[in-house]
Amino acid sequence: MHLLSVEHITKSYGEKMLFEDVNFGVEDGDKIGIIGVNGTGKSTFLKVIAGIEPPDSGSISIGNRVTVRMLAQDPVFTPGETALEHVLGGDSPQLKAVREHAAAMEALELNPGDAALQQRVVAANQKMDELDAWQLESDAKTALSKLGIYDSGVRVDTMSGGQRKRVAMAAALLQPSDILILDEPTNHIDNESVAWLESMLQKRRGALLMITHDRYFLDRVSNRVIELDKGKAHFYEANYSRFLELKLEREEREAASEAKRQNLLRNELAWIRRGAKARSTKQKARIDRFEDLKKQGPQAGSGKLDISVASTRLGRKIVELEGVSKSFGERTVIRDFSYIAVPEDRVGIVGRNGEGKSTLMKIIAGHLQPDEGTVELGQTVKLGWFSQEHEEMDESLRVIEYIREEAEQVKTGDGTTISAAQMLERFLFPPAMQWSLIGKLSGGEKRRLQLLRVLMSAPNVLMLDEPTNDLDIATLTVLESYLDEFPGVVFVVSHDRYFLDRTVDKIIAFEGNGVITHHTGNYSDYQEHADKQAASAAPSAAPGKQQGTGRDGGGSRPEASRGESKERKLKMSYKDQKDFEQIDGWIEEAEQRLASVAAAMEAAGSDSAKLQELAEQQQQLEAKLEQLMDRWTELNELAEQIAAQK
């Protein structure tokens with residue numbers, strides 16, 4: 001069923017063309033992902049389709065009785081309404097029936113003997129039966145719970161911006177629509193909520209248009225991709241992984257076409273340089289052809305980021321946390337946490353929203369002091385902090401002035417020195433844009449600029465708190481490549497499963513009630529382990545106790561039961577943890593020294609005194625290596641026992 005037609009729409013801001021002469025249709029069942037570099041007009045594109053902004057030219061045609069609903073980046077709420085009231089606040093007959101039933105019941109409770117009110121309740125019950133609306137309130141509470149809103153009666157105007165966005169998302173999912181439009185739906189929600197939203201949208205009927213940087217989400221939900229690039233729209237009947245294949249094929253075709261054009265251009269140029277003795281019609285046609293070929297030059301592509309910035313040298317001591325605890329009032333978010341960072345650590349920090357992930361990052365960075373325990377940073381540590389809390393930027397500054405405040409020039413990974421202007425150009429800020437006011441940039445472009453400023457400081461320990469929020473896929477892809485080569489330590493809080501899988505090899509997981517566990521591997525490894533633990537724990541649940549209350553069923557959050565389930569019998573001491581982190585290096589060092597001694601013995605020849613001395617060294621090193629191997633076995637067995645009881 002055809003739902004919507006987009007015909008020749010064009011939109012620009014000032015001299016900047018966002019998109020031009022775009023045509024496509026939306027059918028029932030389409031799930032369309034919109035991608036492109038920040039600043040290409042993705043959000044504006046959705047607003048034009050939703051009718052929130054008019055196009056400069058062209059039109060949007062919507063079928064009769066087709067409803068379009070858009071979840072905006074900044075949703076609007078009625079003052080004083082609760083989360084549940086907002087979710088049930090749509091204009092569908094079912095939602096109106098639910099609200100009328102709730103109002104009738106509330107009035108009857110105040111005047112139980114009123115016959116008119118009793119009749120009103122009966123009528124409301126009948127309407128609920130007719131429309132099969134009894135499940136809606138339960139569905140609303142479930143959706144709120146799944147998105148991390150456990151108290152459906154809390155007033156929306158007392159919530160944080162991220163919580164309000166989740167309430168609006170629950171409303172958008174529950175309220176009926178033929179076309180649902182979502183702008184960055186995975187921002188501000190945790191990994192579990194992203195997985196639930198993914199499954200909801202996979203099953204949802206109707207059409208979907210969305211902007212998202214979450215590549216797993218995009219790959220599993222979408223069946224069409226629209227790429228906005230340099231004012232043009234490219235269309236792909238594919239999910240994200242297939243889109244990458246098709247885009248590569250398109251670019252290869254364009255490259256082949258450009259090579260052919262360049263060859264023709266060279267031939268025409270040679271003829272022009274020889275000169276024509278007379279301006280015959282044929283010769284003039286060749287000159288015109290040459291001019292046409294020049295005009296057909298390839299349009300500048302979306303560009304590739306290059307952020308190979310050298311980092312400051314890092315010493316042996318990096319970050320050491322011992323016995324760290326932190327509470328806010330009666331609520332403990334970190335309980336007796338210890339960790340020792342080692343060179344080239346890539347640590348992902350995961351957990352539900354509000355459990356303390358950003359608090360831990362602030363404690364490591366020194367922005368917040370722990371209630372108990374110690375945090376020590378090595379003398380050579382230079383932190384680079386990229387926070388999810390948007391930095392206040394002086395919007396009267398020009399782009400290049402903002403970067404020059406951090407550094408006029410910087411050394412790259414290969415040792416060359418480049419200027420701030422050159423770095424901006426590598427970061428997709430061309431010369432003309434570098435003198436633009438920051439206030440004229442899109443939200444995503446501002447975030448990209450902030451990230452560049454952090455990297456320009458040449459840090460050796462990167463603290464990335466939700467770096468994937470508001471950054472486009474192109475920027476994230478190159479940030480991932482940068483982290484591959486980054487010689488320092490990275491701590492990253494993220495709900496983006498792809499980004500975590502791509503960049504980290506250790507997971508610090510917040511399990512609730514201040515309990516924090518360590519896991520080796522990326523996010524998928526951790527999730528597989530957590531799923532196995534949940535499956536093995538499920539049969540032991542107390543009989544008669546409702547599964548999923550609070551966490552899955554919409555009630556209050558079961559903090560106490562979660563804390564009890566995570567009670568651990570074994571735990572590494574601080575010394576054990578420190579030895580566990582370093583013992584591989586100690587063993588390697590001992591083996592290298594043994595090899596050196598063996599080589600020296602071969603070179604000593606008939607020098608018996610020297611050979612005797614080397615033989616004693618060899619014996620001592622072999623004894624030390626044997627002790628290290630025994631300690632390695634002990635620590636790994638302990639680690640396996642701890643992992644088995646989680």
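Let me start with what I mean by a charge sitting over a ring: NZ of Lys or CZ of Arg has to be within 6 Å of the ring centre and within 35 degrees of the ring normal. Keep in mind that we are looking at a predicted model.

With that in hand, look at Arg 220: its charged end sits over the ring of Tyr 216, 4.7 Å from the ring's centre. There is another example at Arg 453, which lies over the face of Tyr 402 at 4.5 Å from the ring centre.

Now for rings beside rings. A pair of aromatic rings is described by the distance of the centres and the angle of the planes. Rings count as a pair if their centres lie within 6.5 Å, and planes over 60 degrees apart make the pair edge-to-face. How many aromatic pairs does that rule give? The count comes to nine. Take Tyr 236 and Phe 243: their ring centres are 4.9 Å apart and their planes meet at 80°, so this pair is edge-to-face. Both Tyr 236 and Phe 243 are buried.

In soluble globular proteins, nonpolar side chains tend to be buried together. Here the largest nonpolar core has 46 residues, and Val 87, Val 167, Leu 197 and Leu 201 have the most contacts inside it. Which helix gives this core its largest share? That is helix 6, residues 161–174, with eight residues. The core also draws at least three residues from each of domain 1 and domain 2. Apart from it lies another core, of 42 residues, including Val 350, Val 454, Leu 455 and Leu 479.

Let's stay with helix 6 for a moment. Its 14 residues reach 20 Å from the first C-alpha to the last, close to the 20 Å expected. Why do I call it largely enclosed by the rest of the structure? Because eleven of its 14 residues are buried. Among the elements covering those buried residues are strand 5, helix 2, helix 5, strand 6 and helix 7. Val 167 is one of the buried residues, and, leaving aside neighbours within four places in sequence, its contacts include Phe 77, His 86, Val 87 and Leu 144.

Last stop, helix 3, residues 93–110. Its 18 residues should span 26 Å, and the end C-alpha atoms are 26 Å apart, which agrees. Its buried residues include Leu 95, Val 98, His 101 and Leu 108, and helix 2, helix 4 and helix 5 are among what covers the buried residues of helix 3.

Note on methods:
Residues numbered from 1 in each chain as written. Predicted model: local features only at pLDDT ≥ 70, side-chain atom pairs only at ≥ 80, totals over all residues. Heavy atoms only, no water. Phe/Tyr/Trp six-rings, centres within 6.5 Å; stacked < 30°, edge-to-face > 60°. Buried < 20%, exposed > 50% of the residue type's maximum accessible area, 1.4 Å probe, protein only. Core = buried A, V, L, I, M, F, W, Y, C linked by side-chain atoms within 4.5 Å. Helix = DSSP H or I, 4+ residues; strand = E, 2+ residues; numbered from the N terminus. Domains from an automatic or database assignment. Contact = heavy atoms within 4.5 Å. Expected span 1.5 Å × (residues − 1).
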